[in-house]
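Visitor: Hi! Could you walk me through this one?
Guide: Happy to. Here it is.

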Amino acid sequence: MAIRRKRLLLSGRVQGVGFRYFAYRLARELGLRGWVRNLRDGNVEIEVQGEEELLDQFLMEIKSGPQLAIVEDISINSFEDLENYEGFNIES
């Protein structure tokens, strides 16, 4: 299975609802690598890397987010080059 890297930009009610921790826990459960962070404009950015099948599962679940979140839009960019991430982290 091919390893891929994606960057997601999520908008809606995605800050102040535990979204970073939700993404962190989900990525760790799936064995994905990368990071998640809040942006100043109220959006959440995620860079995630792993097997394509696992990334698809991550995307399916991240679209719902935690209970209080409302994901209005997700923009997805894919990259051919891979990063040497050490696990998945919450960045500030």
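Visitor: Which residues does I46 touch, leaving out those up to four places away in sequence?
Guide: I46 touches K6, R7, L8, L10, F19, A23, W35, V36, F58, I62 and F88, where contact means heavy atoms within 4.5 Å. This is a predicted model, where local features need pLDDT of at least 70, side-chain atom pairs count only at pLDDT 80 or more, and totals for chains, interfaces and linings use all residues. Residues are numbered from 1 along each chain as its sequence is written, and side-chain values use heavy atoms, without hydrogens and water.

Visitor: How many residues are in the largest nonpolar core?
Guide: There are 21, and I46 is among those with the most contacts inside, along with L10, F19, F58 and I62. Such a core joins buried Ala, Val, Leu, Ile, Met, Phe, Trp, Tyr and Cys residues through side-chain atoms within 4.5 Å. The largest share, 6 residues, comes from α1.

Visitor: Switching to α2: which of its residues are buried?
Guide: L55, F58, L59 and I62. Buried is under 20% relative accessible area, exposed over 50%, partly exposed in between (1.4 Å probe, protein chains only). Helices (H or I, at least four residues) and strands (E, at least two) are DSSP runs, numbered from the N terminus.

Visitor: What covers the buried residues of α2?
Guide: The cover includes β1, α1, β3 and β4.
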